[in-house]
Amino acid sequence: TSIGICLYPSDTSDPDELLASADQALYSAKDYGRNNFSYFTNELRAKASREQQVQQRLRLAIENESLDVHLQPIMNVNTGDISHLEALARWHDAELGQVFPDEFIAVAEHSGMIRRLGLQIAKKAIIYTQRLSAALNKPLQVSINRSTLEFELLNEESDPLFNLVTQLDFDPKYLCIEVTENLMLKNPAIAEASLKRLRKYGFTLSMDDFGRGYSSLSNLKHFIFDSVKVDRSFVDELDKDRYNFILVKTIIEMAHNFGMKTIIEGVENQAQLD
(Lines give C-alpha, C1' and ligand atoms only; values in the text may rest on other atoms or scores of the structure.)
Protein backbone atom coordinates (compact mmCIF):
# COMPACT_ATOMS: atom_id res chain seq x y z
CA THR A 1 0.00 0.00 0.00
CA SER A 2 1.20 3.51 -0.87
CA ILE A 3 -0.16 6.50 1.03
CA GLY A 4 -0.05 10.24 0.23
CA ILE A 5 -0.67 12.68 3.10
CA CYS A 6 -1.75 16.32 2.95
CA LEU A 7 -2.42 18.31 6.14
CA TYR A 8 -5.38 20.64 6.74
CA PRO A 9 -5.16 23.60 7.12
CA SER A 10 -1.38 24.10 7.03
CA ASP A 11 -0.99 22.84 3.43
CA THR A 12 -4.28 24.19 2.11
CA SER A 13 -7.87 24.73 3.24
CA ASP A 14 -9.43 24.13 -0.20
CA PRO A 15 -11.04 20.65 -0.40
CA ASP A 16 -10.18 20.07 -4.07
CA GLU A 17 -6.59 21.19 -3.55
CA LEU A 18 -6.33 18.93 -0.47
CA LEU A 19 -7.27 15.90 -2.58
CA ALA A 20 -4.99 16.92 -5.45
CA SER A 21 -2.08 17.51 -3.08
CA ALA A 22 -2.60 14.17 -1.33
CA ASP A 23 -2.62 12.54 -4.76
CA GLN A 24 0.67 14.26 -5.62
CA ALA A 25 2.15 12.95 -2.37
CA LEU A 26 0.86 9.47 -3.27
CA TYR A 27 2.83 9.52 -6.53
CA SER A 28 5.89 10.56 -4.56
CA ALA A 29 5.42 7.55 -2.25
CA LYS A 30 5.20 5.27 -5.30
CA ASP A 31 8.38 6.81 -6.74
CA TYR A 32 10.19 5.75 -3.57
CA GLY A 33 9.40 2.10 -4.23
CA ARG A 34 5.77 1.72 -3.09
CA ASN A 35 4.71 0.22 0.25
CA ASN A 36 5.54 3.65 1.59
CA PHE A 37 4.03 6.96 2.68
CA SER A 38 4.90 10.51 1.73
CA TYR A 39 3.84 13.95 2.97
CA PHE A 40 2.93 16.77 0.61
CA THR A 41 5.63 19.47 0.57
CA ASN A 42 6.29 22.81 -1.09
CA GLU A 43 8.82 21.02 -3.28
CA LEU A 44 6.05 18.72 -4.51
CA ARG A 45 3.83 21.77 -5.11
CA ALA A 46 6.55 23.37 -7.25
CA LYS A 47 7.16 20.06 -9.05
CA ALA A 48 3.44 19.65 -9.80
CA SER A 49 3.21 23.20 -11.12
CA ARG A 50 6.25 22.70 -13.35
CA GLU A 51 4.92 19.38 -14.66
CA GLN A 52 1.59 20.99 -15.52
CA GLN A 53 3.40 23.77 -17.41
CA VAL A 54 5.56 21.32 -19.34
CA GLN A 55 2.55 19.13 -20.13
CA GLN A 56 0.55 22.03 -21.58
CA ARG A 57 3.45 23.29 -23.69
CA LEU A 58 4.45 19.79 -24.79
CA ARG A 59 0.94 19.04 -26.05
CA LEU A 60 1.15 22.21 -28.15
CA ALA A 61 4.66 21.33 -29.38
CA ILE A 62 3.53 17.88 -30.51
CA GLU A 63 0.51 19.33 -32.30
CA ASN A 64 2.75 21.84 -34.10
CA GLU A 65 5.53 19.25 -34.65
CA SER A 66 8.00 21.74 -33.21
CA LEU A 67 10.24 19.27 -31.36
CA ASP A 68 13.51 18.74 -33.16
CA VAL A 69 15.77 15.76 -33.74
CA HIS A 70 19.56 15.86 -33.67
CA LEU A 71 21.50 13.03 -35.29
CA GLN A 72 24.53 11.85 -33.35
CA PRO A 73 27.10 9.98 -35.45
CA ILE A 74 28.28 6.52 -34.45
CA MET A 75 31.74 5.86 -35.83
CA ASN A 76 33.30 2.62 -37.03
CA VAL A 77 36.51 2.34 -34.98
CA ASN A 78 38.28 0.43 -37.75
CA THR A 79 37.61 2.88 -40.58
CA GLY A 80 36.74 6.16 -38.86
CA ASP A 81 33.64 6.43 -41.06
CA ILE A 82 30.12 7.20 -39.90
CA SER A 83 28.37 3.84 -39.92
CA HIS A 84 25.24 4.65 -37.95
CA LEU A 85 23.25 7.52 -36.46
CA GLU A 86 21.35 7.94 -33.22
CA ALA A 87 18.29 10.19 -33.08
CA LEU A 88 18.21 12.52 -30.06
CA ALA A 89 15.00 14.43 -29.24
CA ARG A 90 15.54 18.11 -28.42
CA TRP A 91 13.02 20.76 -27.40
CA HIS A 92 13.41 24.50 -27.04
CA ASP A 93 10.11 26.10 -26.03
CA ALA A 94 9.29 29.78 -26.53
CA GLU A 95 8.07 30.09 -22.91
CA LEU A 96 10.01 27.41 -21.02
CA GLY A 97 13.32 27.67 -22.86
CA GLN A 98 15.41 24.51 -23.24
CA VAL A 99 13.62 21.51 -21.71
CA PHE A 100 15.80 18.44 -21.28
CA PRO A 101 14.69 15.02 -22.59
CA ASP A 102 14.66 13.38 -19.15
CA GLU A 103 11.97 15.86 -18.11
CA PHE A 104 9.71 16.06 -21.15
CA ILE A 105 9.83 12.32 -21.91
CA ALA A 106 8.75 11.57 -18.32
CA VAL A 107 5.90 14.08 -18.68
CA ALA A 108 4.90 12.50 -22.00
CA GLU A 109 4.76 9.10 -20.31
CA HIS A 110 2.71 10.33 -17.33
CA SER A 111 0.25 12.20 -19.56
CA GLY A 112 -0.20 9.52 -22.23
CA MET A 113 1.48 11.55 -25.00
CA ILE A 114 4.49 9.26 -25.35
CA ARG A 115 3.15 7.34 -28.34
CA ARG A 116 2.52 10.50 -30.39
CA LEU A 117 5.88 11.90 -29.31
CA GLY A 118 7.72 8.69 -30.20
CA LEU A 119 6.19 8.55 -33.68
CA GLN A 120 6.96 12.20 -34.36
CA ILE A 121 10.61 11.74 -33.37
CA ALA A 122 10.85 8.58 -35.49
CA LYS A 123 9.36 10.37 -38.51
CA LYS A 124 11.83 13.27 -38.34
CA ALA A 125 14.74 10.89 -37.70
CA ILE A 126 13.90 8.91 -40.83
CA ILE A 127 13.46 12.01 -43.02
CA TYR A 128 16.75 13.54 -41.83
CA THR A 129 18.56 10.22 -42.32
CA GLN A 130 17.22 9.92 -45.87
CA ARG A 131 18.56 13.40 -46.66
CA LEU A 132 21.97 12.67 -45.14
CA SER A 133 22.20 9.29 -46.89
CA ALA A 134 21.50 11.00 -50.20
CA ALA A 135 24.14 13.66 -49.52
CA LEU A 136 26.78 11.06 -48.60
CA ASN A 137 25.62 8.70 -51.35
CA LYS A 138 25.44 5.72 -48.99
CA PRO A 139 22.66 4.20 -46.87
CA LEU A 140 22.85 4.99 -43.16
CA GLN A 141 21.10 3.27 -40.30
CA VAL A 142 19.44 5.35 -37.59
CA SER A 143 18.57 4.33 -34.04
CA ILE A 144 15.54 5.55 -32.11
CA ASN A 145 14.71 4.95 -28.47
CA ARG A 146 11.41 3.42 -27.50
CA SER A 147 10.22 3.50 -23.90
CA THR A 148 8.72 0.56 -22.06
CA LEU A 149 5.39 2.39 -21.87
CA GLU A 150 5.26 2.72 -25.67
CA PHE A 151 5.45 -1.06 -25.97
CA GLU A 152 2.72 -1.50 -23.37
CA LEU A 153 0.39 0.85 -25.29
CA LEU A 154 0.81 -0.96 -28.61
CA ASN A 155 -1.93 -2.92 -30.28
CA GLU A 156 -1.11 -6.63 -30.27
CA GLU A 157 -1.64 -6.95 -34.01
CA SER A 158 0.17 -3.94 -35.46
CA ASP A 159 2.92 -1.43 -34.89
CA PRO A 160 2.67 2.14 -36.23
CA LEU A 161 6.41 2.14 -36.97
CA PHE A 162 5.85 -0.32 -39.81
CA ASN A 163 3.19 1.95 -41.32
CA LEU A 164 5.57 4.89 -40.93
CA VAL A 165 8.52 3.30 -42.78
CA THR A 166 6.14 2.14 -45.53
CA GLN A 167 4.71 5.63 -45.89
CA LEU A 168 8.20 7.19 -46.05
CA ASP A 169 9.60 4.45 -48.32
CA PHE A 170 12.35 3.63 -45.80
CA ASP A 171 13.84 0.17 -45.61
CA PRO A 172 13.05 -1.11 -42.07
CA LYS A 173 16.47 -2.77 -41.75
CA TYR A 174 17.95 0.75 -41.55
CA LEU A 175 15.79 1.64 -38.53
CA CYS A 176 17.20 0.31 -35.25
CA ILE A 177 14.93 0.19 -32.21
CA GLU A 178 16.76 0.67 -28.91
CA VAL A 179 15.17 -0.77 -25.78
CA THR A 180 16.35 -0.88 -22.19
CA GLU A 181 16.39 -3.89 -19.93
CA ASN A 182 13.41 -2.43 -18.04
CA LEU A 183 11.15 -3.79 -20.77
CA MET A 184 12.37 -7.36 -20.24
CA LEU A 185 12.34 -7.01 -16.45
CA LYS A 186 8.92 -5.38 -16.19
CA ASN A 187 6.92 -7.46 -18.64
CA PRO A 188 8.78 -10.34 -20.32
CA ALA A 189 5.65 -11.52 -22.19
CA ILE A 190 5.05 -8.12 -23.81
CA ALA A 191 8.78 -7.81 -24.51
CA GLU A 192 8.97 -11.15 -26.28
CA ALA A 193 5.86 -10.54 -28.41
CA SER A 194 6.84 -6.96 -29.30
CA LEU A 195 10.46 -7.72 -30.20
CA LYS A 196 9.46 -10.72 -32.30
CA ARG A 197 6.97 -8.54 -34.17
CA LEU A 198 9.59 -5.86 -34.85
CA ARG A 199 12.01 -8.54 -36.01
CA LYS A 200 9.32 -9.95 -38.35
CA TYR A 201 8.82 -6.48 -39.87
CA GLY A 202 12.57 -6.31 -40.61
CA PHE A 203 13.71 -3.76 -38.01
CA THR A 204 17.01 -4.22 -36.19
CA LEU A 205 17.16 -4.27 -32.40
CA SER A 206 19.64 -2.94 -29.87
CA MET A 207 19.81 -3.29 -26.09
CA ASP A 208 20.51 0.10 -24.55
CA ASP A 209 22.40 0.80 -21.30
CA PHE A 210 23.81 -2.73 -21.21
CA GLY A 211 25.32 -3.67 -17.87
CA ARG A 212 23.24 -1.35 -15.70
CA GLY A 213 20.43 -3.86 -15.10
CA TYR A 214 20.40 -7.15 -13.25
CA SER A 215 19.51 -9.67 -15.94
CA SER A 216 21.76 -8.80 -18.87
CA LEU A 217 23.05 -12.30 -19.52
CA SER A 218 19.65 -13.97 -19.41
CA ASN A 219 18.24 -11.27 -21.69
CA LEU A 220 20.96 -11.93 -24.27
CA LYS A 221 20.08 -15.60 -24.07
CA HIS A 222 16.31 -15.20 -24.51
CA PHE A 223 16.05 -12.14 -26.76
CA ILE A 224 17.77 -11.71 -30.11
CA PHE A 225 19.52 -8.34 -30.48
CA ASP A 226 21.72 -7.08 -33.30
CA SER A 227 23.83 -4.93 -31.02
CA VAL A 228 24.37 -3.90 -27.41
CA LYS A 229 25.22 -0.40 -26.21
CA VAL A 230 27.71 -0.23 -23.37
CA ASP A 231 26.68 2.48 -20.92
CA ARG A 232 28.98 5.48 -20.70
CA SER A 233 29.35 5.05 -16.93
CA PHE A 234 31.78 2.20 -17.73
CA VAL A 235 33.68 4.34 -20.25
CA ASP A 236 34.31 7.50 -18.21
CA GLU A 237 37.32 6.00 -16.39
CA LEU A 238 38.10 3.32 -18.98
CA ASP A 239 41.69 4.46 -19.45
CA LYS A 240 42.32 4.79 -15.69
CA ASP A 241 40.21 2.11 -13.99
CA ARG A 242 41.42 -1.45 -14.57
CA TYR A 243 38.06 -2.94 -13.52
CA ASN A 244 36.14 -0.83 -16.06
CA PHE A 245 38.69 -1.83 -18.70
CA ILE A 246 38.20 -5.55 -17.98
CA LEU A 247 34.42 -5.16 -17.85
CA VAL A 248 34.15 -3.36 -21.21
CA LYS A 249 36.60 -5.81 -22.81
CA THR A 250 34.53 -8.75 -21.54
CA ILE A 251 31.23 -7.26 -22.78
CA ILE A 252 32.70 -6.69 -26.26
CA GLU A 253 34.03 -10.25 -26.47
CA MET A 254 30.78 -11.71 -25.16
CA ALA A 255 28.66 -9.72 -27.63
CA HIS A 256 30.86 -10.84 -30.51
CA ASN A 257 30.47 -14.44 -29.38
CA PHE A 258 26.69 -13.94 -29.61
CA GLY A 259 27.15 -12.53 -33.13
CA MET A 260 26.27 -8.97 -32.08
CA LYS A 261 27.95 -5.63 -32.62
CA THR A 262 28.87 -3.32 -29.76
CA ILE A 263 28.27 0.42 -29.54
CA ILE A 264 30.29 2.19 -26.87
CA GLU A 265 28.85 5.42 -25.47
CA GLY A 266 30.86 8.43 -24.35
CA VAL A 267 34.25 7.85 -25.98
CA GLU A 268 35.76 11.33 -25.76
CA ASN A 269 39.54 10.98 -25.88
CA GLN A 270 42.23 9.00 -27.70
CA ALA A 271 43.05 6.78 -24.71
CA GLN A 272 39.43 5.63 -24.42
CA LEU A 273 39.26 5.08 -28.19
CA ASP A 274 42.41 2.95 -28.12
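Colleague: Where in the chain is the place of Asp169?
Modeller: This is a predicted model, in which local features need pLDDT of at least 70, side-chain atom pairs count only at pLDDT 80 or more, and totals for chains, interfaces and linings use all residues. With helices (H or I, at least four residues) and strands (E, at least two) taken as DSSP runs numbered from the N terminus, Asp169 falls in the loop between H6 and E7.

Colleague: Which is Asp169, buried or exposed?
Modeller: Most residues other than glycine have a negative phi, and most peptide bonds are trans. Asp169 is not a glycine, yet its phi is positive, at about 55°. Buried means under 20% relative accessible area, exposed over 50% and partly exposed in between, with a 1.4 Å probe and protein chains only. Because its relative accessible area is 70%, Asp169 counts as exposed.

Colleague: Which strand holds Asp209?
Modeller: Asp209 is a residue other than glycine with a positive phi, near 55°. Whereas Asp169 belongs to a loop, Asp209 lies in strand E8.

Colleague: Which residue does a cis peptide bond join to Tyr8?
Modeller: The residue in question lies in the loop between strand E1 (3-5) and helix H1 (15-31). The omega of the bond is about 0°, and the partner of Tyr8 is Pro9.

Colleague: How far apart are the end C-alpha atoms of helix H8?
Modeller: The expected span of a helix is 1.5 Å times one less than its number of residues. H8 has 14 residues, 188-201, so at 1.5 Å a residue it should span 20 Å, and the distance between its end C-alpha atoms agrees with this, at 20 Å.

Colleague: Within what arc do the buried residues of H8 fall?
Modeller: The buried residues of H8 are Ala191, Ser194, Leu195, Arg197, Leu198 and Tyr201. They line one face of the helix because, seen down its axis, and with the arc being that of the directions from the helix axis to the C-beta atoms, they fall within 160°.

Colleague: Which residues are exposed on the other side of H8?
Modeller: The cover over the buried residues of H8 includes helix H5 (148-153), helix H6 (160-167), strand E7 (175-179), helix H7 (181-186) and strand E8 (204-210), where contact means heavy atoms within 4.5 Å. Just after H8, Gly202 takes a positive phi of about 105°. On the other side of H8 the exposed residues are Ala189, Lys196 and Lys200.

Colleague: Which exposed residues does H3 carry on the face turned away from its buried side?
Modeller: In helix H3 (residues 101-111), Pro101, Phe104, Val107 and Ala108 are buried. These cover an arc of only 140° around the axis, which puts them on the same side of H3. They pack against H2, strand E4 (82-93), strand E5 (97-99) and helix H4 (114-136). The face turned away from them carries the exposed residues Asp102 and His110.

Colleague: With which side chain does the side chain of Arg57 make a polar contact?
Modeller: Arg57 is found in helix H2 (residues 42-64) and is buried because its relative accessible area is 18%. Not counting residues up to four places away in sequence, Arg57 touches Trp91, Asp93, Ala94, Glu95 and Leu96. A polar contact is a pair of N or O atoms within 3.5 Å; within protein, one must be able to donate a hydrogen and the other to accept it, and residues adjacent in sequence count only if both atoms are side-chain atoms. At 3.3 Å, the partner side chain is that of Glu95.

Colleague: How many disulfides are found in the whole structure?
Modeller: Cys6 counts as buried because its relative accessibility is 17%, and Cys176 counts as buried at 2%. A disulfide is a pair of cysteine sulfur atoms within 2.5 Å. On a search of the whole structure, the number of disulfides is zero.

Colleague: What distance separates the C-alpha atoms of Gln272 and Ser83?
Modeller: Gln272 lies in helix H11 (residues 270-273) and counts as buried, because its relative accessibility is 9%. Leaving aside neighbours within four places in sequence, Gln272 is in contact with Val235, Asp236, Leu238, Asp239, Gly266 and Val267. Gln272 and Ser83 are 189 residues apart along the chain, and their C-alpha atoms are separated by 19 Å.

Conventions: Residues are numbered from 1 along each chain as its sequence is written. Side-chain values use heavy atoms; hydrogens and water are left out.
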